[in-house]
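Welcome! Please keep the structure open as you read.

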Amino acid sequence: MGVIGSNIGMTIEPNNIYLADCYEAIKDIPDKSVDLIVTDPPYKIENTNAGGKSEFAKSIQGMNDELESEELNVDIDIKILPEFLRICKKPNIYIWCNCKQIPTYLDFFVTKNECDFDILIWNKTNALPLFYNKYLTDKEYCLYFRKGRYCNPKDYEHAKTVFNEPINARDKKLFLHPTIKPLKIIKTLIENSSKPNDIIFDPFLGSGTTAIAAQETGRQYIGFENNPKWFKIAQDRINGITASGQFSLFNGEIM
């Protein structure tokens, strides 16, 4: 796997992941060279304090602290969004987000750039509470922006916009990332909106789910990750090795 820095002019090759700052490294990707972007940027979480002094609040604070310690509560810098449009052959982009980020994405892609959009939801059937005295954190949003790009669900199930899937505790245990998405969902997004051998790009790769999903659906992938810890885990995962250094026969789906 390749490793690049933040210098402009590096060669980005398919089926590689890079330890890099995506805000700089994306500038090395040629215009109109990517078929589909599937990415899970950091969410905008303004307060990771569970609130209250009850035993319940204390019990969930550790999960919130994990988000903050890994800097997974820092909002995306929107300067990367024009780069998304530049590198796509046609706008064809899935972005995971929370509700606070939806207006920002809709303003850029729909209002300013006239993209069509869909809102998809991961309904967590076994959700754990993350914040005290609020509704259960049992859903995450995935916004799909496109302009006439290929989108062809193969059957009724693939065409649904609500994914009823459990939190993938097995993946978290194997690959440690606290916000890891179910491989099954990412594979569905890729199959719905790309063709075999297309190039799938994820600038916020995390533990490598998008790269694995691309591999398993017969697509090519490019990924950037700026955290050496997650980059190493993603690199190992692509090679069938878990975060503990064990070889794995599975890359993540909960059966």
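How many bridges join β4 to β5? There are eight, and the two strands run antiparallel.

## Before we start

This is a predicted model, in which local features need pLDDT of at least 70, side-chain atom pairs count only at pLDDT 80 or more, and totals for chains, interfaces and linings use all residues. Residues are numbered from 1 along each chain as its sequence is written, and side-chain values use heavy atoms, with hydrogens and water left out.

## The sheet

Let us begin with the strands (DSSP runs of E, at least two residues, numbered from the N terminus). Eight of them form an open sheet with mixed pairing, in the order β1-β8-β7-β2-β3-β5-β4-β6. Two strands pair if DSSP finds at least two bridges between them. At the edges are β1 (16–19) and β6, each pairing on one side only. From one strand to the next, the twist averages 15 degrees.

Strands of a sheet pair through backbone hydrogen bonds, either parallel or antiparallel. Take β5 (residues 139–146): six bridges join strand β3 (residues 92–97) to β5, and these two run antiparallel. Here I95 has L143 of β5 as its bridge partner. In the pairing of β4 with β5, which has eight bridges, D118 is partnered by Y144 of β5. On the β6 side, β4 and β6 pair in the parallel sense over four bridges, and the bridge partner of N123 is N164 in β6.

## Helices on the sheet

Helices are DSSP runs of H or I with at least four residues. Contact means heavy atoms within 4.5 Å, while angles run from 0 to 180 degrees between N-to-C directions, with axes fitted to C-alpha atoms, for helices over the stretch in contact. Helix α7 (residues 209–216) lies across β2, β7 and β8 (220–225), and runs at about 175 degrees to β8.

Now look for I190, which sits in helix α6. Is I190 buried or exposed? I190 is buried, with a relative accessible area of 0%; buried means under 20% relative accessible area, exposed over 50%, and partly exposed in between (1.4 Å probe, protein chains only). Beyond its neighbours within four places in sequence, I190 is in contact with residues including L36, V38, I200 and A214. I190 and A214 are 24 residues apart in sequence, and their C-alpha atoms are 7.1 Å apart in space.

## A pocket to find

A pocket is an open set of points on a 1 Å grid over the protein atoms alone, where a 1.4 Å probe fits, with protein on both sides within 12 Å along at least five of seven lines; lining residues have an atom within 4 Å of a point. The second largest pocket is lined by E157, H158, K160, V162, F163, N164, E165, K184, I185 and T188. The elements giving two or more residues to this lining are β6 (162–165) and α6 (183–193). Of the elements, β6 gives the most, with four residues.

## Two loop residues

K32 has a phi near 50 degrees and lies in the loop between α1 (22–25) and β2. At 55% relative accessibility, K32 counts as exposed. E114 has a positive phi of about 55 degrees, and its place is in the loop between α4 (102–112) and β4. E114 is exposed too, with a relative accessible area of 65%.
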